[in-house]
Amino acid sequence: MSKQLIIAEKPSVAQDIARALASEKFVKEKDFFESEHYVLSSAVGHLLELTLPEEYEVKRGKWSFTHLPVIPPHFALKPVEKTEDRLKMLTRLIKRKDVEGLINACDAGREGELIFNYIAQHSGTKKPVRRLWLQSMTQGAIRDGFSSLRAAEEMAGLRAAAISRAESDWLIGINGTRAMTAFNSKTGGFHLTTVGRVQTPTLAIVVEREEKIRAFKPRAYWELEARFAGEKGEYTGRWFDEKFKKIEDDEHATAYRLWQQPRAEAIRDACLGKPAKATEETKPTSQLSPLLYDLTSLQREANGRFGFSAKVTLSLAQALYEKHKVLTYPRTDARALPEDYLPTVKEVLGNLPEIYAPLASTILAKNWVTPNKRIFNNAKISDHFAIIPTGTSPKSLNEIEQKLYDLVTRRFLAVFYPAAEYSVTTRITRIAEHAFKTEGKVLVNPGWLAVYGKEAAIEDEEGGGPSLVPIVPGEILKTKSVDIKAALTRPPARFNEATLLSAMEGAGKMIEDEELRAAMAGRGLGTPATRAQIIENLISEVYMHREGRDLIPTAKAFSLITLLRGLGVKELTSPELTGGWEYKLAQMERGKLSREEFMGHIAALTQDIVERAKRYESDTVPGDFVTLQTPCPKCGGVVKENYKKFACQSCDWSAWKIVAGRQFEVAEMEALLSIGKIGPLTGFRNKMGRPFDAEIRLNDDKSPEFDFGQPREGEEAEAVDFSAQESLGACPKCGAAVYEHGNSYVCEHSVGPDKKCDFRSGKLILQQPVERAQMQKLLAEGKTDLLNGFVSARTKRKFSAFLVRDKAGKVSFEFEPRGEGASKRAPADPGKPLGAHPADGKPVALKSGRYGPYVQHGKLNATLPKEMNPDSVTLEQAVEMLALKAAGK
C-alpha cells in the first residue's frame, strides 16, 4: 500500500502529530513512526546549509581581495555535521518505494519552508509535496490541518522568498565579512570583522545612540512649583508657558522649562505672596487595553518586567507552545486573530485554568467576544496570528514558565474587556499673567485594568494627587510658596533589549520612502524569529557588552561602523537595505517579483561592497577625523587621527586607537602626549572579557603602554624612599610597614630591587576612594567602616560594603547583614551568590557538583558548558541557562 511521508521540523512535533492522529495507530520505530497510511519523522532544525560548489571554492586566499567577490552561478548544500545521521535517515525514507508523496509539516513560515525544501532538494526526489500549515499545536488544530492540506503550488512564492533570503544573506554576509576582514588585516595580523544584512544595521542603531550620548552636552533649565492655599486645603501647581509651541529641532523644550535663571527668579518674585484665582475643567477620558502580543512585544514586556533576554523569552514561549501546548505559535509578527476565530476564542475562555475563571466568565456572560477589527482582522495577520492561550490547562510549568504564561493569558483576557474610564481634572491657577497647571486623574471604571488589579489604575500627574483638593468657585487663593527647581537635560538612554527590539521592529521610521516604510512596518530589521539571535550574535562577536540591562557598543563596533561609513557602504549601516529586501521578498511571496530579478540585484550590490573596500588603505579611509593640538612626542610633528591610529605626519610614530577593547578618546590622547602619563582609565578588557582599570604611560620609544607600577622590561626596580612618610600600619603578610606609593598602598618590601612581599591595595577600588584613615583601620582592625561609593564593573550600580582582610592578607568585600530578622545560621553549601532572579527575587547561586560547576535557582539546576569559565559567570548568563534548562533546551 502506498504511503505519505510526513516530515516535521522537530521530534517533539512528530510525536504530537502521532498523538493527534491516534486513529492511525502509529508504531514507533527507532527514528520514525509508521501506520497503514503514513510514515512520520522529523528533522532537528536545519540539517543542511548553503556552501559554494567545490569548483568555485578556493583552498588558499579566501580572506584576501584576490578571490573576491564570490558570486557562484548556483549554490550547493552541505550537511550539518552533527545531524548528518538524521539527514541520511530521512533521505532513506524519502526514497522508499512505498512512499509516493511527502507532507511538509515543518513550522509554518519561511524557515520551515527552507528546512523542508533543502531536505527534498538534497534527496533529489520528484515526488509530489503537500503542506501542513499549523497555527496551534493542540490535537484538534493538528487534525484540522490534515483535513485541509495545501498544494505545493500554493507555497511557490513563499518557497522562492525563503531560498532567496538565505542565498542573499550568504552573499552579503560572506563577501562583506571577507572584504572587511581583508581590509582590516592589510596592516598585519588577522582581524575577523563580521558583517551581515540585519546584524550590521542593528549595530549601527546602537552605535549611533552611543555617539549621541557621548556628544551630549547637558543644558541647565529651571522649573517653578507653587503651593496654593484655599478654604478646603492646599495643592501645588507647575508654572507653564501658555504660548509654548513645540520646537522641531529641540527635543528638550517643554512648556514647563525656562532656559534662563533670571527669568525664573523674576516670575517667582512676581508671584510670591500674591493672591491667585483658579478655574478648572473636568473631562472623561478612556484608555483601551494593549493589543495582543506578537513575539517582539512579548520579549519587550518580559525584559522590562522580569529582565529576561529576548533569547530566554523565545525559548520559554517555544516550550509553552511545543512542550506544554498551552500557547499558540510564538514566532509571529501579528497582533490580531483571524476573523473566523470567535468560536475558538469562546472555547479557549471556557477552558482556562481556575485562577482566570472569574475574568473569563465575565467576558462570556457579558458577550464581549464580538467582531472587532482591533482584535479580529485578517488584514493584520501574516503567516501566523497573535500569541494567545490554547485553552489546554498547564500541568507542570516551572515558576519562570508560569510568569510568561500569565503574561500572555492576562493580555488575552484584557483585550476583550471594555476601556478603562477616568475623570481628568485640569486646574489652571493664575497670578496676574502667569499660569500654573495642576492635574488630577481618578479611575471611574477600571474596565480592562480589573484583569491586573485596579490599584495600578490611579496615576498622579503634574502634582496634586489622584484627586484634587476642591476649591470654592471664585475664592481668592493664597500663594504660600514658589520654589525654583534647577535641573539639567539628560542624554538619550542607552538601549536595553526591550528598547532595541522596538528599534529593530520600527526601523521603518528612519526610512523616507513610503513603500519601503510600509514593507518594514511588518518586519523591521529581522523578523520576530531572528531578532533575539541577532542581539546574541552581536554580543558573542564582541560588538556589544551587556552591563546590567544596558547594551553597550564596544570599540570594535565603532571601528566597523566608522569603516563602513568611510567606504560609503550605506547598505550595511542603514535599514534601507533590509527595507528594500523585505519589500521585494514580500512581492516574491505574492508572485509579483521573480527570483532571478531579485538575485541579480543582490549580485550587483555584493560587487559594489567589495569594490568599495578595495579602493582604500586604512590611513586613507574618509571620516570625521581630527588633527591633535599636541605635537608628536618623538619629533614634534603634527599628529592626525585616521581610521585605525593617531599618526605623526613627519615621522614613523603612531599609536593604535583601540587597545584592550577600549578606544582612546582624542582628549585622552592629547593628555597622554602632553604629560607622558594618564589614568587610571576604566573600560579595558582582558582576553577573558573581564574589565580592568589601568594607567597608560609613554615608554622609551614614546609608544603607549600599560603602567601597573612595575619596572619596564630590562630595567632593575629602583629603591623607593619612604623616609618622608608615616607608616599606615603593619603589613598583614610580612609585618613590615605599609606606605602610600602611586595609586596604591604597598608593603615596603613589595617594591624596589629587594622585593620579598606582594601586599598591595588600590587607593581607588571600583570607583570608591579608599582614604588613608580607612586603610589604617583595615590594617589595624581587619575591617574598614561601611563604604558607600563602590560601583559594580558589571552592572554599573552603586553598592555599599566593608573592606576586610583575612589572615593571609587578602583584601575582599563584606556586605551589611540583612537585619535582626535574618537567619544567623549559614545555609549548607551556599555557593557563590550571583544575585536575585529577576522573575521572583529569589537567589541564584553558582555551585560545584559531582559533574562540575552549575547554577541553582530554587529546585532548578543548570550545568555550565565545559567551555565556560565559572569565575566569569554573570547573573544574566545564569538566568539564561536556567531558562533554557526549564524549556528543555
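## Buried residues and the whole chain

Of the 889 residues in this protein chain, 48% count as buried. Keep in mind as you look around that this is a predicted model. The chain holds 21 helices and 38 strands, and its C-alpha atoms fill a box of roughly 100 × 85 × 60 Å along the principal axes. Its accessible surface comes to about 43900 Å², and carbon and sulfur atoms make up 50% of that surface.

How does the chain meet itself? Take the contacts with a separation of 6 or more: residues 24 or more positions apart account for 65% of them.

Let's begin with helix α1, which covers residues 11-20. Which of its residues are buried? They are Val13, Ala14, Asp16, Ile17, Ala18 and Ala20.

Now move along to helix α19, residues 666-675. Here the buried residues are Glu668, Met669, Glu670, Leu672 and Leu673. Just after α19 comes Gly676, which takes a positive phi of about 85°.

## Buried residues in loops

Loops can hold buried residues as well, and Ala253 is one to look for. You will find Ala253 in the loop between β11 (233-240) and α7 (261-271). Its relative accessible area is 4%, so Ala253 is buried. Which residues does Ala253 touch, leaving aside neighbours within four places in sequence? The contacts are Phe244, Lys246, Ile247 and Trp259. Asn184 is 69 residues from Ala253 along the chain, and the C-alpha atoms of the two are separated by 43 Å.

Val198 sits in another loop, the one between α5 (156-184) and α6 (199-215). With a relative accessible area of 10%, Val198 is buried. Compare its distances in sequence and in space: Val198 and Thr573 are 375 residues apart in sequence, while their C-alpha atoms are 9.4 Å apart. Not counting residues up to four places away in sequence, Val198 touches Leu525, Gly526, Ile534 and Thr578.

## A nonpolar patch on the surface

Time to look at the outside. Trp63, Phe190 and Leu192 form a nonpolar patch on the surface, and together they have about 310 Å² of accessible area. Trp63 belongs to the loop between β5 (48-51) and β6 (76-79). Is Trp63 buried or partly exposed? Trp63 counts as partly exposed because its relative accessibility is 35%, which falls between the 20% limit for buried and the 50% limit for exposed.

## Salt bridges

Side chains of opposite charge can pair when their charged atoms come close. A search of the whole structure finds 51 salt bridges. One of them joins the side chains of Lys10 and Glu9, at 3.7 Å from N to O. Both Lys10 and Glu9 are buried.

Another salt bridge is formed by Glu242 and Arg430, whose closest N and O atoms are 2.9 Å apart. Glu242 lies in the loop between β11 and α7, whereas Arg430 is in strand β13 (residues 420-431), so this pair ties together parts that are 188 residues apart in sequence. Glu242 is partly exposed at a relative accessible area of 44%, and Arg430 is partly exposed at 36%.

## One more pair and a network

Lys763 and Glu740 also form a salt bridge, with their closest N and O atoms 2.8 Å apart. This pair links distant parts of the chain, 23 residues apart: Lys763 is in the loop between β29 (760-762) and β30 (764-765), and Glu740 is in strand β27 (residues 737-741). Lys763 counts as partly exposed, at 23% relative accessibility. Glu740 is partly exposed too, with a relative accessible area of 24%.

Salt bridges can also share partners. Which residues are joined this way into one network? They are Lys677, Glu695, Arg697, Glu705 and Asp707.

Note on methods. Residues numbered from 1 in each chain as written. Predicted model: local features only at pLDDT ≥ 70, side-chain atom pairs only at ≥ 80, totals over all residues. Heavy atoms only, no water. Patch = residues over 30% accessible without salt bridge, like charges linked within 9 Å, V, L, I, M, F, W, Y side chains within 5 Å. Areas by Shrake-Rupley, 256 points an atom, 1.4 Å probe, with all protein chains shown as cover. Salt bridge = Lys/Arg side-chain N within 4 Å of Asp/Glu carboxyl O. Helix = DSSP H or I, 4+ residues; strand = E, 2+ residues; numbered from the N terminus. Buried < 20%, exposed > 50% of the residue type's maximum accessible area, 1.4 Å probe, protein only. Contact = heavy atoms within 4.5 Å.
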